[in-house]
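Welcome! Here is a short briefing to read alongside the sequence and the model.

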Amino acid sequence: MKILGLDPGTTNFGYAVLATKGTRFKPVDVGKVQNRMNRMENIQQQCVMFKEEMLGYITRHKPNVII
């Protein structure tokens, strides 16, 4: 099973992908999407950017669970 964990924030958006086998966890991918927009007025554009990034991770890793 693969798990995609998300940690949204206003400055960065963290993510981690873990694979499980039995009771063992193996990190597959981890990182952060840096917010390239500095102003809160662009919150809609930020959401679109983060959504596009996350859809890329979902497509690449095909997680069974997103938390």
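**A first look at the fold**

Leu4 stands opposite Ile66 in strand S4. Two bridges join strand S1 (residues 2–7) to S4, and the two run parallel. Helices (H or I, at least four residues) and strands (E, at least two) are DSSP runs, numbered from the N terminus.

This is a predicted model, in which local features need pLDDT of at least 70, side-chain atom pairs count only at pLDDT 80 or more, and totals for chains, interfaces and linings use all residues. Residues are numbered from 1 along each chain as its sequence is written, and side-chain values use heavy atoms, leaving out hydrogens and water.

**Confidence**
- The protein has a mean pLDDT (the predictor's confidence in each residue, from 0 to 100) of 85, and 90% of its residues reach 70 or more.

**The sheet**
- Four strands make an open, mixed sheet in the order S3-S2-S1-S4; two strands pair if DSSP finds at least two bridges between them.
- Strand S3 (24–34) and S4 are the edge strands, each pairing on one side only.

**The core**
- Nine residues form the largest nonpolar core: Leu4, Phe13, Tyr15, Val17, Val33, Met49, Phe50, Met54 and Tyr57.
- Such a core is a set of buried (under 20% relative accessible area, 1.4 Å probe, protein chains only) Ala, Val, Leu, Ile, Met, Phe, Trp, Tyr and Cys residues joined through side-chain atoms within 4.5 Å.
- Helix H1 gives the largest share of this core, four residues.
- Leaving aside neighbours within four places in sequence, Phe13 is in contact (heavy atoms within 4.5 Å) with residues including Val33, Phe50 and Met54.

How values were computed: Buried < 20%, exposed > 50% of the residue type's maximum accessible area, 1.4 Å probe, protein only.
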